[in-house]
Amino acid sequence: MSSTKFILGLFDDPDYMMDGIHKLQQNSVPIYDVYSPMPIHGIEAKLGIKDSRLGYAAFMFGCTGGTVAFSMLYYMLVYDWPNNIGGKPHFAIPDFVPITFEWTVLFTAFGMVATFFYATHLFPGRTPRVMDLRATDDRFIIAIDAKGNTPHEDITKILKEAGAVEIKHNDRKYVSYE
Amino acid sequence: MASHSESIIREPLITGENITYAQITNDVLRPVENKPTKAWWIGFTIASLGALLWVVAVSYTFWFGIGAWGLNKTVGWAWDITGFVWWVGIGHAGTLISAVLLLFRQNWRNSINRSAEAMTIFAVICAATYIVAHMGRPWMAVYSLPLPNQYGSLWVNFNSPLIWDVFAISTYFSVSLVFWYTGLLPDIATIRDRATGTMQKIYSVLSFGWTGSVKTWQRFETVSLILAGISTPLVLSVHTIVSMDFATSLEPGWHTTIFPPYFVAGAIFSGFAMVQTLLLVARKVLGLENYITMFHIESMNKIIILTGSIVGVAYLTEFFIAWYSGVEYEQYAFINRATGPYWWAYWSMMSCNVISPQLFWVKKWRTSIPFSWVLSIVVNIGMWFERFVIIVTSLHRDYIPSSWAMFYPTWVEVSIFIGSIGVFFTLFLLFIRVLPSVAMAEVKLLLKGSSEQAKKKVLAGGHVEPEQAQFYKESLEKFDSVEMADYAKI
């Protein structure tokens, strides 16, 4: 039993990496994750990753923000202490528009970004779970869990054929804990 | 796919030969990973002296009160609000570049958005200091918030544009900050993974544990797109509301419906000018000529022509409407602007904002770096005068001639203004030292399709229409970072 935990295929070109994913999938090798220094368009469909639902979250936060702002204005200006300003109506909806709009945007932005951070486990001080340090620089990395049934040499061969510049058999999952 | 072949007739967004992903990282991180240069230290020293002047002048104001300024009963708003509106205006380009140009899929934004957003944030900080400083008793700033209090609660007057402004500016600042920082995460992770020791620890905390996995990038892109979508109306709303501070009053020269679009165009105009002022220097000093190319400079100059022309039309429209309305106060306000005691401010504004940007119609000037740089400063001087003219000339002679007065600034408000420029440059210089001034991840996206080397390969491949190839080669001539000799044989 080898001590290899993860096999990493390092590519220097995103197109070769996509080819690598294709070849691995053809050979039924499950892919653990892919790390890249930039977003790769079309990779979600290839890996069968569902669309992000952050848009729905953003919409709900926006609705919340708009409702909170409008209710607050209504409570303060109309219900709690209506001021007589030159006999004008207390419930002056056009005057409520700017702040309602601003808070809709504010709640959308903060709510969505907080959801993004929460869902992706991003927060200040979190230990980065990085498999290879060049994944944020110039390497496009396919990570394969070595526990699968496919012989490691076969995986290595497939990655090499696809044009991987380096293949690593790592005994540890993350390098960044050192 | 990461690399689709882009039409050959589009100018390249990255120039230079043998640019690799690693090369981009190295080029962008050079100022972050190395000791600062002499030029940086000189700039930083001057800027911090300016910031120090700001501290002195603002402390003086808080100690002795607003009486230290040159304001009088007639002109109760002058350099303070001029400075505030000027800075808020400058703070518009960053979000415009990062949000509006993202929605329009203008890929040239990728290499300038980071520094423009940083500039936005620092400009809004400068603007915010003006709001607090002009209160004279800054601890009273809390009364602009709708907090429960012992008077009833007596709530703030939400019918007032000044209160809208509190909400607009604070929302704009915080949303811009979130947008900027989220975009920074992948690049901070790049610094982290290349660093060692303390630097790695610091950037590790700042990177929030970014890994660059597929799901992270997918969510990141969703977040960027939605933030761009909501920031676009936000950026337009901010200067609209700033203009309403004036437009909803009954002051001649202020009480006009043209103000919102006119202010927004002016804000974009001055914002792009400031981006130009900073980036033309930064690209040279930081050696980023291959990423911030002549195409970027020219594109920004084109936006300066467009917005400058909108501002020019707005000036003329104001004049026309003053005459057409038949309101004598309004008419006097405008005649007084052009021919009264502040004629010099008016004509400085007109020549800097209306005439000078029209010079950019000449391609040779538009693509000249020294000319663009000087003109960007001229535009910002003009935009400062615009706010001064709107504010001071309207106030100094309004309805009651017995109240007419002149305004003379004291050293305190002049120092606050010069000092705020120092604060701005101090923050900007610190930024380019500790954070990547170009969004590396976004520039890497362009490498395979939109770079000069990729296009050269397509040209060398030979399957390009000869006219298109010729057109492309001619478009390269304006670039200062392209070696034209290489194209002779292709």
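Analyst: With strand pairing: two strands pair if DSSP finds at least two bridges between them. The model here is predicted. In β3(A), A:A143 is the bridge partner of A:D33.

User: Which strand pairs with β3(A) over 3 bridges, and in which sense?

Analyst: Strand β2 (residues 33–35) of chain A does, and the sense is antiparallel. Strand β1 (residues 6–11) of chain A also pairs with β3(A) in the antiparallel sense, over 6 bridges. One residue pair to look at there is A:I7 with its bridge partner A:I144 in β3(A).

User: How many residues of strand β3 of chain A are buried?

Analyst: A residue is buried if 20 or more other C-beta atoms lie within 10 Å of its own. In strand β3 (residues 140–145) of chain A, 5 of the 6 residues are buried, so the strand is largely enclosed by the rest of the structure.

User: How do I read a helix such as α11(B), and what is its span from first C-alpha to last?

Analyst: The expected span of a helix is 1.5 Å times one less than its number of residues. Helix α11 (residues 328–339) of chain B has 12 residues and reaches 16 Å, close to the 16 Å expected.

User: Which residues of α11(B) are buried, and which exposed residues sit on the face turned away from them?

Analyst: The buried ones are B:E330, B:A333, B:F334, B:N336 and B:R337. Seen down the helix axis, the buried residues of α11(B) fall within an arc of 160°, so they line one face. The face turned away from the buried side carries the exposed residues B:E328 and B:T339.

User: What do the buried residues of α11(B) pack against?

Analyst: They pack against α10 (294–325), α12 (343–355) and α14 (369–396) of chain B.

User: How is chain B divided into domains?

Analyst: Domain bounds come from an automatic or database assignment. For chain B it gives domain 1 (1–19 + 451–490) and domain 2 (21–448). Their centres, taken over C-alpha atoms, are separated by 35 Å. Across the boundary, 14 residues of domain 1 of chain B are in contact with 17 residues of domain 2 of chain B.

User: How many residues of chain B are in contact with chain A, and which element gives the most?

Analyst: The contact involves 55 residues of chain B and 60 residues of chain A. On the chain B side, α8(B) gives the most, with 16 residues. By class, that side has 29 nonpolar, 19 polar and 7 charged residues.

Definitions and conventions:
Residues numbered from 1 in each chain as written. Chains lettered and ligands numbered in written order. Predicted model: local features only at pLDDT ≥ 70, side-chain atom pairs only at ≥ 80, totals over all residues. Contact = placed C-beta atoms within 7 Å. Helix = DSSP H or I, 4+ residues; strand = E, 2+ residues; numbered from the N terminus. Nonpolar A, V, L, I, M, F, W, Y, C, P; charged D, E, K, R; others polar. Buried ≥ 20, exposed ≤ 12 C-beta atoms within 10 Å, placed from the backbone. Arc of directions from axis to C-beta.
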